[in-house]
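Biologist: I'd like to learn how to read a few side chains in a model like this. Could you walk me through some?

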Amino acid sequence: MDVDADAQRATDKLKAVSEALGHEIRVFSSENFASQTSKLPSADHEEDDDFYELQPADYYNLISNRMGEHFKMLKTRKMREAELAAQRAKRTKTVMRVRFPDGYILEADFIPSERIHSLVDLLLKALARPDLPFYLYTVPPKKRILDTSQDFYTAGFVPGANVHFSYDLPEDDLKAGPFLREEILSLDGLSLLLKPASQPDDSRMNSSSLQSDASQSVPVPTTTNKKPGRPKWLKR
């Protein structure tokens, strides 16, 4: 098997469909999506005793975090707005994952300033039955996305988010699918043949990644054997 040739064919096919849809997309069946290497530790993984020991750098970080929170309270509204604007400008892409009842996942890249309705427009081009009414929602708890005029950043969907698809019908007889066009389903797993790209972890989707710069203002001493950072037990 010519791996390079397969990767090139996958690249060309993904590029052609993405250009037709106006956004870069990837498609996964539930099996292919689960086959991706997980970056989360296993549930039965046990840490050594020194994992829970506080180092000098840990104490300094705890203090700096508290000072950062105190400084945040003292900031003026204009300072906070300027900070948020600067943080927003650094975000150049958001990854939206649409999960369908049949287990398929459509993943698409957007600019954070784009509106959620651009995702709806993309789905209308990719669905097997675009004539049927549908809606998107987040979980948990189940919350229907009503305002599609919001941009992804304002909606809290940066750097990415998982949303779920459902037909908006009294009695849904199409739960088994297929929900996506045959041409779109043929992209299943093709992106896995490409070189790994930097994408947000599934564990970070729907979560804020904004951090206060103030917490970095307190110097943290280095040690010879340990790297500065939060206490390891706080990272869970």
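Modeller: Let's start with a polar contact: a polar atom of the Ser18 side chain lies 2.8 Å from the backbone oxygen of Leu14. Keep in mind that this is a predicted model.

Biologist: Where is Ser18 in the fold?

Modeller: Ser18 belongs to helix 1, which covers residues 3-21.

Biologist: And is Ser18 buried or exposed?

Modeller: The general idea is that buried means under 20% relative accessible area. Ser18 has 10%, so Ser18 is buried. Leaving aside neighbours within four places in sequence, Ser18 is in contact with His23, Glu24 and Ile25.

Biologist: Now Thr94: what does its side chain meet at 2.4 Å?

Modeller: A polar atom of that Thr94 side chain sits 2.4 Å from the backbone oxygen of Phe157. Thr94 itself is in strand 2, residues 94-99.

Biologist: What is the relative accessible area of Thr94?

Modeller: Thr94 comes out at 0%, so Thr94 counts as buried. Outside the four places on either side in sequence, the contacts of Thr94 include Ala108, Phe110, Phe152 and Val158.

Biologist: Which loop holds Ser113?

Modeller: Ser113 is in the loop between strand 3 (105-110) and helix 5 (116-126). For accessibility, the general idea is that exposed means over 50%. Ser113 has 52%, so Ser113 counts as exposed.

Biologist: How far is Ser113 from Thr154?

Modeller: Their C-alpha atoms are separated by 8.5 Å, while Ser113 and Thr154 are 41 residues apart along the chain.

Note on methods
Residues are numbered from 1 along each chain as its sequence is written. This is a predicted model: local features need pLDDT of at least 70, side-chain atom pairs count only at pLDDT 80 or more; totals for chains, interfaces and linings use all residues. Side-chain values use heavy atoms; hydrogens and water are left out. Helices (H or I, at least four residues) and strands (E, at least two) are DSSP runs, numbered from the N terminus. Buried means under 20% relative accessible area, exposed over 50%, partly exposed in between (1.4 Å probe, protein chains only). A polar contact is a pair of N or O atoms within 3.5 Å; within protein, one must be able to donate a hydrogen and the other to accept it, and residues adjacent in sequence count only if both atoms are side-chain atoms. Contact means heavy atoms within 4.5 Å.
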